[in-house]
Structures are given as structure tokens and as C-alpha cells.
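Dear colleague,

Please find below the structure that I am handing over to you.

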Amino acid sequence: MSDRPVIVVEGLRKVYPGGVEALRGVSFEAHPGELVAVRGRSGSGKTTLLNLVGGLDRPDEGTVEVAGRRVTELAEAELLTLRRDVIGFVFQTFGLIPVLSAAENVGVPLRLARVPAAERDERVRVLLSLVGLAEHAGQRPYEMSGGQQQRVAVARSLANRPRLLIADEPTGQLDSQTALQIMELLRVLVRSEGVTALVATHDPSLLGLADRVIELRDGTLAG
Ligand code: ADP
Ligand code: MG
């Protein structure tokens, strides 16, 4: 592929206090528009890898580059900007703000980026309809199913048109039918929004939707 990779990870090593070596020299690249699934059993290092790629934590060795920025060399303030403008996050537990409606939750990153109100409202409307929730804009998280809440979280993660979407077991709390729907939604959005996605999952039935699957075993990439 001639496109410059969106993710370049080289020689990542992470040792937690207490001595657990969660990553032992992990290297890979992801290209524009690619949906890369990270598989591996619980404890294999998936969350550690995603957190390091997303600038939520720092490695002991190795480098991470996202959309041309050296994540591992950025100061905290620059990491905040990177996470706001370049990377969207989706977590297993949705992470919505309970007192805000679906529309308000999706609008949070746009407020943080100081997008003008009219433009913000329009972007929120488009995003909610992209995830099939146009009719649910005014509902609070507790008035929605788990699958609907994760759709809101996916819409929110795309609000600032990130280059990279990082999703850590986004279907881990959903039944298998809903899990498949969320994974299919991610698949469609990666294409339509032109975003690159790094998705951790240990659900084998979802791996078929990925462009590429990488497997972690005890902190090392297998195969
Ligand atoms: P996965 O997401 O694949 O389940 P993790 O990246 O969460 O794997 O964990 C990898 C290894 O690092 C595990 O052995 C886990 O117990 C350990 N670990 C994860 N987070 C911490 C932490 N904050 N402190 C100490 N050990 C940790
Ligand atoms: Mg994990």
C-alpha cells in the first residue's frame, strides 16, 4: 500500500508496577481505511496495546506514531489535543454521561473543540442518523438498551472526524446478536467515514468483519 500508515508501532514494551510484562516488543502498522482487529484471550495485552496507541498510557520501550504524530514523544497537553482531534475512543462500558441526552452526549467532543452551535447541531443530527438513532436524540442513556447506548458512543467517537477509531471490546457487554450489529456498524462507518479502526475483541464471530486480524499471546504478536 502506498498510503502512509495511520498507525506505526515499533518495539512496544510495557511493564506494570509489580513486574507484569504486558507487552514484550510489539510492532505493527495499520493503513488508512483499514479495520484491524486485535484478538487474544483475557490478559494477553490488548487493552495495554490500545491504551499505548491512543496515548492514554506510556510504554517503557518503543514508539507509537498516529497520523504522522509521534505519540510517545508528546507532552500531556499535546496528548489531550491528539485524543480530542485525531483519535476517537469506544469502550466496553459505553462511557456515556448519564444526565445528558443521546444528542448531548454526541455533542460533547464538539463542545470541547468549540465547534459553533449550529454546525454542532447539524453534525450531531447526521451522526445520530448514521448510527440509526435519529428518533432517539432526546433519550438519556438509562432510557436506551445496551446496543443503543453503544451506538451513541460510536457516534460520539466519530464527532470530530478522527483519523483513528480505537475500540476496546466494544461488544463485550452485549448479547451476540447486538454485538454483531455493533460490529457491522463499525465496519460500515470505517468505510463511509474513511477512518482507520483498531478494535480489540475476543469474540471469534466478529473477526470475519475485520480487514486484518492480529493476535496477542502473552504480550507478543503471534503469527
Ligand atoms: P487484555 O486487555 O488482553 O485482557 P491487559 O492489557 O488488560 O490484557 O493486561 C495484560 C497484562 O497486564 C495482564 O497480566 C494484566 O493483569 C496486567 N495489567 C493490566 N493492567 C495493569 C495494571 N494497571 N497494573 C498491573 N498489571 C496490569
Ligand atoms: Mg482488555
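R123 is buried, with a relative accessibility of 8%. This and the other values given here come from a predicted model. The partner of R123 is E193, and their side chains form a salt bridge with an N to O distance of 3.5 Å. Because E193 belongs to helix α6 (residues 176-193) and R123 to helix α4 (residues 117-130), the pair links parts that are 70 residues apart in sequence. E193 is partly exposed, at 28% relative accessibility.

Helix α6 also holds R187, which pairs with D211 in the loop between β8 (196-200) and β9; the two therefore tie together parts 24 residues apart in sequence. R187 is buried, with a relative accessible area of 8%, whereas D211 is partly exposed at 40%.

A further salt bridge joins the side chains of R212 and E34, at 2.8 Å from N to O. R212 is in strand β9 (residues 212-217) and E34 in the loop between β2 (21-30) and β3 (35-39), so this contact connects parts that are 178 residues apart in sequence. E34 counts as buried at 10% relative accessibility, while R212 is partly exposed, with a relative accessible area of 28%.

Finally, R13, E21, R24 and E61 are joined into one network by salt bridges that share partners. The count for the model comes to 14 salt bridges.

With kind regards

Key
Residues numbered from 1 in each chain as written. Chains lettered and ligands numbered in written order. Predicted model: local features only at pLDDT ≥ 70, side-chain atom pairs only at ≥ 80, totals over all residues. Heavy atoms only, no water. Salt bridge = Lys/Arg side-chain N within 4 Å of Asp/Glu carboxyl O. Helix = DSSP H or I, 4+ residues; strand = E, 2+ residues; numbered from the N terminus. Buried < 20%, exposed > 50% of the residue type's maximum accessible area, 1.4 Å probe, protein only.
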